[in-house]
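Hi there,

Here is the structure I promised to pass on. Have a look at it first, and then read on for what turned up in it.

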Amino acid sequence: MSQPILHTERLRLVPLSAGHLEHLVELSADTEVMRYLAGVQTPEQSADELRRTLAYAGGGIGCWTGFVDAAFAGFWSLRPGESAGEAELGYRMLRGYWRKGLGKEGAREMLRHGFRDVGLDRIYARTAALNKASQATMASIGLRHIRDFVADPEYFAPGEDRHAVEYAVGRDEWLASEFA
């Protein structure tokens, strides 16, 4: 299964390609967007991230570039998880699209696609313990807090607090919920 084009009420989610590098560079250069991630990236670092991301795409797993009408809004992803049958949910959006429900909308579509189309057993998401907005998004789509942990130093910007959280949901739990 290749990555399909996905749609929500407001988003068109197109599989990430090399042609989307300019969008990744724009997003990764914003200090607020990258605040809880690995810090601002140079264009070269963004190109490396793009190559790594394209390398894991396949079998319905990968990264999607989100557009509202024709305007770039952000990225949503399902990365291969640590065990077979699971994936890690991710999302990153331009600041102009924050607090409009688009993060939630795209993330819900990732869950739907992951569980219904790909047949995953479990989807999890991780973020900095200080990133309350992302945690609220995770909870709003049916993921529940699983654990607190100290993240790998490469996950956060240098000098930042490395405390992190993991939220997750299993397929059966998700299918039985109001979110399915």
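A residue is called buried here when its relative accessible area is under 20%. By that cut-off, buried residues make up 48% of the 180 residues in the protein chain. Please keep in mind that this is a predicted model.

**Overall fold**

The protein chain has five helices and eight strands, and from the N terminus on they follow the order β-β-α-α-β-β-β-α-β-α-β-β-α. Its radius of gyration is 15 Å, close to the 16 Å that the globule rule gives for 180 residues, so the chain is as compact as a globular protein of that length. Along the principal axes, the C-alpha atoms fill a box of roughly 40 × 35 × 30 Å. Of the contacts between residues at least 6 apart in sequence, 63% join residues at least 24 apart.

**Helix H3**

Helix H3 covers residues 102-118, which is 17 residues. From first C-alpha to last it reaches 22 Å, close to the expected 24 Å. Just after H3, Gly119 takes a positive phi of about 85°.

**Salt bridges**

How many salt bridges does the structure hold? There are 15. As background, side chains of opposite charge can pair when their charged atoms come close.

Three of these pairs are worth a click:

- Arg112 and Asp117 form a salt bridge with their closest N and O atoms 3.0 Å apart. Arg112 counts as partly exposed at 25% relative accessibility, and Asp117 does too, at 33%.
- Glu166 and Arg147 form another, at 3.2 Å between the closest N and O atoms. This pair links distant parts of the chain, with Glu166 in strand E8 (residues 163-170) and Arg147 in strand E7 (residues 144-150), 19 residues apart. Glu166 is buried, with a relative accessible area of 4%, whereas Arg147 is partly exposed at 33%.
- Glu32 and Arg35 meet through their side chains at 3.9 Å, N to O. Glu32 is partly exposed at 33% relative accessibility, and Arg35 is partly exposed at 44%.

Glu166 and Arg147 also belong to a network of salt bridges that links them with Glu82, Glu86, Arg122 and Arg126.

Best wishes

How values were computed:
Residues numbered from 1 in each chain as written. Predicted model: local features only at pLDDT ≥ 70, side-chain atom pairs only at ≥ 80, totals over all residues. Heavy atoms only, no water. Helix = DSSP H or I, 4+ residues; strand = E, 2+ residues; numbered from the N terminus. Expected span 1.5 Å × (residues − 1). Salt bridge = Lys/Arg side-chain N within 4 Å of Asp/Glu carboxyl O. Buried < 20%, exposed > 50% of the residue type's maximum accessible area, 1.4 Å probe, protein only. Rg over C-alpha atoms; globule rule 2.2 N^0.38 Å. Contact = heavy atoms within 4.5 Å.
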